[in-house]
Amino acid sequence: MNLPNQSIPEENGADSKKMLIAMVGIGAFCALLIVLIFEGTKERRAFLKAEALEKAIFQVIPNAKSMKPMQFIDGQLTEVDKEAKGETLYAGYNESNQLVGYAIEASGQGYADIIKVLYGYDPQKQAIVGFQVLESKETPGLGDKIEKQESFLANFISLDVTLNADKKGLANEVVTVKQGEKSNPWEIDGITGATISSRAIGDIINSSIQEIGPKISNK
Amino acid sequence: MNVAVKENKKKREQKSTDEFIKGLWKENPVFVQVLGMCPVLAVTNTSMNALAMGLATSFVLLMSNILISLLRNFIPKQVRISSYILIIATFVTVIDYVIQAISVELHKSLGAFISLIVVNCLILSRAEAFASKNTLKHSVMDALGMGIGFTFALLCLGVVREVLGSGTVFQFQILPENFQSWIIMILPAGGFFTLAFWLLFFNYLKERKAKS
Amino acid sequence: MNTASLWSIFINACLINNFVLAYFLGICPFLGVSGKVATASKMGAAVTFVMVISSLCAFGINSILTAINAPYLQLISYIVVIASTVQLVEMFVKKMSPALFNALGIFLPLITTNCAILGLVLFQTAKGYNILEGFVYALGAGAGFTIALLLMAGLREQLELADTPKIVKGTAITLLIAGILSLGFMGFSGLG
């Protein structure tokens with residue numbers, strides 16, 4: 001198949017006029033169709049997206065019944081519009097509208113590619129209370145155990161991330177240890193066969209909470 | 001319409017079913033023509049993905065074949081490929097939004113491969129080789145046949161890979177729980193191997209037919 | 001921006017997530033043009049070049065589309081940019097070096113429908129790379145494509161001399177080899 005060389009001007013005037021009409025006609029039709037579909041499905045797409053996001057957030061913050069998107073503006077945690085650009089975290093509230101925790105997105109280099117996670121942080125308990133992998137390309141059957149293995153996910157029911165005395169970082173860094181060797185509440189029990197992936201999760205959470213934890217407590 | 005066309009009308013009536021059948025088997029886009037390999041290998045790790053991808057591709061193929069066949073006397077020869085690509089890209093954008101409106105999860109698992117339907121050589125080759133030269137009816141038949149043939153091929157791979165790789169079909173457990181799944185089947189390498197074995201199987205059938 | 005992460009983007013695109021062997025992008029030329037080492041290397045160079053140019057253009061387009069808030073035009077504008085880049089490269093090569101133009105022949109216009117290029121542009125947007133990261137990503141992807149193509153071509157040249165059964169000849173044996181290469185490339189994960 002050969003691409004026509006469009007840069008050569010047509011010798012025949014009628015021909016180039018026909019060409020122009022054809023291209024403009026097709027272009028207009030295509031543009032119209034795309035905009036129609038885009039507008040027609042807009043509501044439904046936004047609804048589904050919000051639903052998926054809500055589901056993920058309620059999973060990582062136990063007891064949460066409603067949520068609001070928030071951003072740090074001048075160091076202050078402020079409620080923002082859903083469509084706002086930039087780093088957003090989500091505050092979860094229970095039935096009586098009390099704050100029960102924050103859902104925070106974080107990402108970092110895994111074994112195969114970037115891993116994206118969402119975790120729940122309870123500022124009262126100063127602990128991580130839930131965890132979910134949003135996106136990963138870790139090896140199926142080995143690295144992807146970080147998404148499913150119950151003994152690993154159990155680490156995040158209550159993972160200690162207490163701030164240190166001057167509230168500028170964590171008292172104890174979150175680290176991943178070998179499977180079965182967890183002895184402190186701030187350690188993550190790793191997975192045999194997914195050593196690098198589970199260690200990557202520890203690093204991702206550690207660097208994210210080191211930065212965000214103090215910011216939240218300062219507000 | 002000239003006289004010869006009218007005379008051939010009866011012949012053509014029969015032909016239109018042929019156009020449909022040929023895509024299913026004799027000129028199957030994947031197993032015989034080896035076209036559109038990227039999605040065939042990339043999204044067939046589960047049967048569900050394979051089916052969704054097959055249907056999405058068939059939709060784009062059908063719509064672009066219809067439009068191109070209708071406009072075949074209107075599009076000047078010099079800009080035909082550009083017009084085809086424009087039309088195909090439009091329908092791909094449409095199906096992309098439709099899938100997003102059906103299920104976020106499905107859209108996520110197919111990812112960029114929906115957009116990559118644009119460069120699926122199957123669609124452009126049908127537009128250039130068939131729809132631009134044939135009537136609407138035949139083009140529709142051709143698109144349906146090729147689309148179903150393509151979906152069938154994707155399912156052939158998807159089902160084998162999902163059964164051996166996770167012991168399920170459309171997420172229903174069919175192999176016993178204690179089956180040690182072959183992880184390699186879900187990995188990229190498994191895609192290459194599965195397609196290679198299907199091609200071997202068809203070659204074997206052909207060989208045996210030729211001998212008898 | 002530190003060099004370590006640029007290096008990891010390069011390694012990631014080139015080896016760990018090799019476009020051909022892990023993402024299955026650009027399989028058509030991979031199966032079609034990998035008969036001889038000489039053509040394979042030229043094809044690799046041409047694809048790498050188009051990748052880099054398209055990546056830079058796509059970055060510009062993306063900023064414009066974000067500015068005018070028209071995400072639905074993304075796919076169409078990308079494919080138009082790629083098609084025009086290929087056309088430009090074709091004209092340029094024809095003028096500067098007719099010998100190279102003849103050597104590449106039909107493969108040059110065919111780059112338009114090479115999914116590796118559209119894939120690169122789409123992944124780059126999805127990952128939110130800036131212009132420098134996008135450039136490195138394109139270089140890595142191009143290098144990875146060339147490596148896969150060269151490996152395959154070398155193996156197939158040897159295979160010509162081997163006594164293979166009749167039914168595996170052609171595409172089937174190529175796919176089997178690609179599968180084994182893909183397994184080999186899995187060993188690179190963890191390098192990033």
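In this predicted model, strand 3 of chain A pairs with strand 4 (residues 99-109) of chain A through four bridges. The two strands run antiparallel. Within this pairing, A:Tyr93 has A:Leu99 of strand 4 as its bridge partner. The two strands form a hairpin, with five residues between them. A:Asn97 lies in the turn and has a positive phi of about 60 degrees.

Strand 3 of chain A also pairs with strand 1 (residues 66-73) of chain A. Five bridges join these two strands, and their arrangement is again antiparallel. Here A:Met67 stands opposite A:Gly92 of strand 3. Strand 3 of chain A spans residues 89-93 and is mostly covered. Four of its five residues are buried, that is, each has 20 or more other C-beta atoms within 10 Å of its own.

Chain B was examined over its annotated segments. An unreviewed UniProt entry places the feature "transmembrane region" at residues 50-71, 83-103, 109-127, 139-160 and 180-205 of chain B. Two of these segments were described in the model. Over residues 83-103 of chain B, the chain is 95% helix and 0% strand. The end C-alpha atoms of residues 83-103 are 31 Å apart.

Chain C touches both chain B and chain A. The contact with chain B takes 33 residues from chain C and 32 residues from chain B. On the side of chain C that touches chain B, the elements giving two or more residues are helix 2 (27-32), helix 4 (74-96), helix 7 (115-127) and helix 9 (171-186) of chain C. Helix 9 of chain C gives the most, with nine residues. By class, this side of chain C has 26 nonpolar residues, six polar residues and one charged residue.

The contact between chain C and chain A takes 11 residues from chain C and 10 residues from chain A. Helix 1 (residues 3-16) of chain C gives the most to the side of chain C that touches chain A, with three residues. By class, this side of chain C has three nonpolar, eight polar and no charged residues. The two faces of chain C can be set side by side. Nonpolar residues number 26 on the side that touches chain B, and three on the side that touches chain A. Polar residues number six on the side that touches chain B, and eight on the side that touches chain A.

Notes: Residues are numbered from 1 along each chain as its sequence is written. Chains are lettered from A and ligands numbered from 1 in the order in which they are written. This is a predicted model: local features need pLDDT of at least 70, side-chain atom pairs count only at pLDDT 80 or more; totals for chains, interfaces and linings use all residues. UniProt positions are given in the numbering used here, feature names are shortened, and annotations may be inferred rather than shown by experiment. Two residues are in contact if their C-beta atoms, placed from the backbone, lie within 7 Å. Ala, Val, Leu, Ile, Met, Phe, Trp, Tyr, Cys and Pro count as nonpolar, Asp, Glu, Lys and Arg as charged, and the others, Gly among them, as polar. A residue is buried if 20 or more other C-beta atoms lie within 10 Å of its own, exposed if 12 or fewer, and partly exposed in between; C-beta atoms are placed from the backbone. Two strands pair if DSSP finds at least two bridges between them.
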